[in-house]
Amino acid sequence: MSLYSKIFGDTSSKFIKSTKEIVAKINAFEESMSKLANDDFSKKTQEFKERLAKGESLDDILPEAFALVREAGKRTLNIRLYDVQLIGGIALHQGKIAEMKTGEGKTNVATLPLYLNALTGKGTHLITVNDYLARRDAVLMGQVYNFLGLTVGVINSQNVSYLYDPRHTEEDKERDTVGEFKIIYDFLKPCSRREAYAAEITYGTNHEYGFDYLRDNLSTSINDLVQREHNFAIVDEVDSILIDEARTPLIISSASGDSEDFYVKFYQIAKQLKKDTDYEVDEKLKAITLTDEGINKAEKLLGVENIYTEKGIKYVHHLETAVKAQAIFERDRDYVVREGEVIIVDPFTGRLQPGRRWSEGIHQAIEAKEGVKIEKETRSSGSITFQNYFRFYKKLSGMTGTALTSAEEFLKVYNLDVMVIPTNRPVIRQDHSDLIFQSEKGKFQAIAKKVKELNGKGQPVLIGTISIEKNELLSVYLKQEGVQHTILNAKNHEKEGELIAEAGRRGAVTIATNMAGRGIDIKLGGNPQNKEEYEFVKSVGGLFVLGTERHEARRIDNQLRGRAGRQGDPGETQFYVSLEDDLMRVFGSERIKTMMGRFGIPEDQPIENGFISRSLENAQAKIEGFHFDARKNTLEYDDVMNHQRKIIYERRQKMMRADRAEIENLLDSILVEREGPSQASQTIKEKREKLGDEAFFETVRRIALYTTDTLWMEHLEAMDYLRSSVNLRAYGQREPIVEYKKEGLMMFRGMEEAFKEQVFSLIETINTESRINIEAEAKEPKQTLVTSHAEPSEFSETKKNIENNMNIGRNDPCPCGAINPTTGEVYKYKKCGLINAPQHRKSLIN
């Protein structure tokens with residue numbers, strides 16, 4: 001602790017002191033709440049809503065509301081919230097991050113601020129890391145909210161949604177016994193997405209909230225919108241969602257073309273290239289560089305003299321992508337192959353991520369490598385980073401067991417303070433020093449012997465690994481020692497929830513990827529708990545958590561340690577590391593390796609050395625800083641896009657809700673841009689008279705939506721190209737982000753001009769003979785796909801005239817001849833339309 005903190009107290013201590021008065025007020029209401037009849041709880045909720053309507057604030061009613069929730073928890077869950085949990089609830093309500101250790105009841109704590117903020121009627125969201133936890137928490141906590149008179153919804157992947165159904169009271173007993181790790185599905189009633197969001201409290205995953213936002217902004221009808229305003233959200237496992245996953249933006253795509261032959265062809269070439277001779281790998285940056293020898297070999301195999309001049313950037317891109325898939329991406333570490341499909345493995349959680357794909361052709365290159373069906377290439381229809389999505393919320397808070405090491409990033413990016421909430425009982429867990437081995441083989445041999453020793457006395461062991469591959473390898477060593485064990489690979493969250501809950505029983509040995517079963521309490525003696533078994537496991541030292549190597553982030557290591565020693569129980573933790581581990585191999589210093597070799601220690605003999613342990617922590621801090629910079633860089637670029645995204649999405653929202661006045665405004669703005677407004681005005685007037693007002697306005701509305709989406713997709717692609725090229729300008733002493741902002745603004749202005757031009761051109765081509773069909777479509781708008789829209793027949797011809805009849809490829813030089821000032825070359829057709837709209841359109845139409 002710094003001298004300043006010792007004198008003045010740290011932020012968390014000050015916050016906890018400031019809550020003492022509020023906690024006292026909550027406790028003062030406890031007696032009166034205990035006298036309420038069960039039917040009075042929903043009436044009390046209605047009373048709170050009326051008080052808010054009359055001008056009281058949420059802070060005014062907080063003590064009484066929290067006391068009511070605590071009493072509801074006592075009656076439904078038989079759990080009374082501790083004072084430290086009330087403090088956690090206050091932190092969440094105030095828009096802070098509550099760091100609460102494992103086993104301190106974060107799920108129960110969330111009920112306090114969720115209930116309080118749901119009283120406004122604007123909706124509250126609980127955001128968690130997987131579908132299983134969203135369903136489990138909704139079923140478990142749904143009884144509390146229902147008792148209080150509130151509705152609960154759940155949004156899951158595959159467009160599955162539920163509402164909490166309180167009618168199955170006959171299953172209450174089973175839920176009370178196994179509800180912490182098993183979902184009783186009778187309490188969930190399938191519903192529409194919109195109904196789930198309309199509930200007063202909605203549980204779901206970060207990806208589903210983000211993708212629903214993007215889908216809403218691809219809808220063509222107001223009836224298809226599912227989300228409402230972003231009012232208040234609590235992010236569970238906030239470090240995992242707001243930090244670990246923040247480097248990867250959410251992208252919603254549509255299929256664009258087939259290049260299967262290219263991927264197979266370049267995989268065959270990449271297979272014949274040798275590491276260090278034909279290409280070099282930078283493991284820190286996860287990048288490859290082709291050597292001159294490698295380029296020559298590839299050119300020979302392709303039958304070309306110069307790949308750069310003869311075949312251009314497309315061939316170079318395919319070659320580099322194929323080599324990257326071969327050299328950097330490993331099966332059962334970065335991805336798994338299941339049922340003929342390549343599925344990404346989350347590097348932080350070890351969880352599978354079906355439905356997610358790597359961009360820029362990486363996924364297709366891996367599919368070619370694994371010999372499975374190669375999916376079509378995609379074009380981005382919309383994208384957003386988690387940072388910018390979560391900034392939409394008027395109030396955001398989070399909870400986790402490990403946030404303090406990333407407090408700086410939470411504050412800088414999300415303006416969230418981290419408050420360390422004290423535990424209800426002191427932590428007595430023993431964290432042993434790391435044991436360091438020369439080789440991975442020696443490390444695994446030592447782990448197997450240690451586990452056999454612990455298993456012999458009946459002490460449960462949880463072994464954390466960093467990948468599915470390491471799980472399988474360690475399993476072989478344990479079998480050789482005759483140790484029975486369970487393997488969890490984060491493949492089936494629901495089944496693993498049940499298995500991880502049993503990891504604390506006598507003699508249990510569980511191997512799990514670091515994050516498998518996260519969110520599930522491991523109780524000593526098993527779950528449901530048996531008093532006799534609990535006392536036995538306690539007497540032999542509690543749960544022993546054994547880490548097989550250090551993770552890139554210290555938080556992940558701390559999360560693994562936190563599985564032991566919950567609620568004042570005994571427990572032990574220790575990490576076994578080797579010099580061959582990725583962290584030490586890539587980021588460790590040569591000095592350590594030389595020193596270990598000089599000692600001449602056998603490979604399965606460990607040493608405990610303060611210098612090496614410090615080097616490990618320094619390496620972790622170095623990587624965390626590296627990843628922080630990567631996330632910061634992603635955010636800086638997305639901030640530029642975010643400004644543009646807001647303008648486009650606001651226009652779409654207006655067009656979807658468009659009344660006649662809004663359409664008139666659009667038409668007026670188009671006429672102002674035209675050189676001959678009287679002629680343009682006459683054209684619009686004629687179309688309107690022939691079609692009739694209703695059909696005309698509906699057609700213009702759909703034209704505006706279609707044109708917006710088409711140009712936005714082109715713009716996203718152009719901005720991607722721009723982003724990948726601006727980094728090279730650093731060599732010319734120009735700041736890449738400044739160049740990106742400057743040129744991105746030019747492109748956006750060009751797109752806005754092109755929008756008005758194209759809308760008018762499409763209005764000109766409306767077939768007025770199709771009046772009956774247009775009116776029918778206006779009354780019954782088509783249900784559109786998530787990532788693509790049907791083109792209205794009335795204006796699809798013009799698009800063909802402009803692009804196809806002239807036989808212009810999207811990557812061909814634009815016939816208008818406009819020169820890109822940066823490269824000195826003629827703009828590509830697809831990019832030119834966005835930057836030089838008037839010149840571009842004039843050239844094409846004339």
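Modeller: Two strands pair if DSSP finds at least two bridges between them. Helices (H or I, at least four residues) and strands (E, at least two) are DSSP runs, numbered from the N terminus. This is a predicted model, in which local features need pLDDT of at least 70, side-chain atom pairs count only at pLDDT 80 or more, and totals for chains, interfaces and linings use all residues. Residues are numbered from 1 along each chain as its sequence is written, and side-chain values use heavy atoms, with hydrogens and water left out.

Biologist: How many helices and strands does the chain have?

Modeller: The chain has 36 helices and 23 strands.

Biologist: What makes β19 and β22 a pair?

Modeller: Pairing takes at least two bridges, and 4 bridges join strand β19 (residues 461-465) to β22. These two strands run parallel.

Biologist: Which strand is joined to β22 by 5 bridges?

Modeller: That is β23 (residues 571-578), which runs parallel to β22. Leu543 has Gly571 in β23 as its bridge partner.

Biologist: Why is the crossover from β22 to β23 called right-handed?

Modeller: The term applies if, with the strands pointing away from the viewer, the path from the first strand over the helix to the second runs clockwise. Here the chain goes from β22 through helix α25 (residues 554-561) to β23, and this β-α-β crossover is right-handed.

Biologist: Why is β22 described as largely enclosed?

Modeller: Buried means under 20% relative accessible area, exposed over 50%, partly exposed in between (1.4 Å probe, protein chains only). In β22 (residues 543-547), 5 of the 5 residues are buried, so the rest of the structure largely encloses this strand. Leu543, Val545 and Gly547 are buried on one side, and Phe544 and Leu546 on the other. In a regular strand the side chains alternate between the two faces of the sheet. Of the 846 residues of the chain, 55% count as buried.

Biologist: Why do β11 and β13 count as edges?

Modeller: The open sheet has 3 strands in the order β11-β12-β13, with antiparallel pairing. β11 (335-338) and β13 (352-353) each have a single partner strand, so one side of each lacks a neighbour in the sheet. β11 is joined to β12 (residues 341-345) by 4 bridges, and Tyr335 has Ile344 in β12 as its bridge partner.

Biologist: Which helix packs on that sheet?

Modeller: Helix α18 (residues 362-370) does, touching β11 and β12; contact means heavy atoms within 4.5 Å. The direction of α18 makes about 125° with that of β12. Axes are lines fitted to C-alpha atoms, for helices over the stretch in contact, and angles run from 0 to 180 degrees between N-to-C directions.
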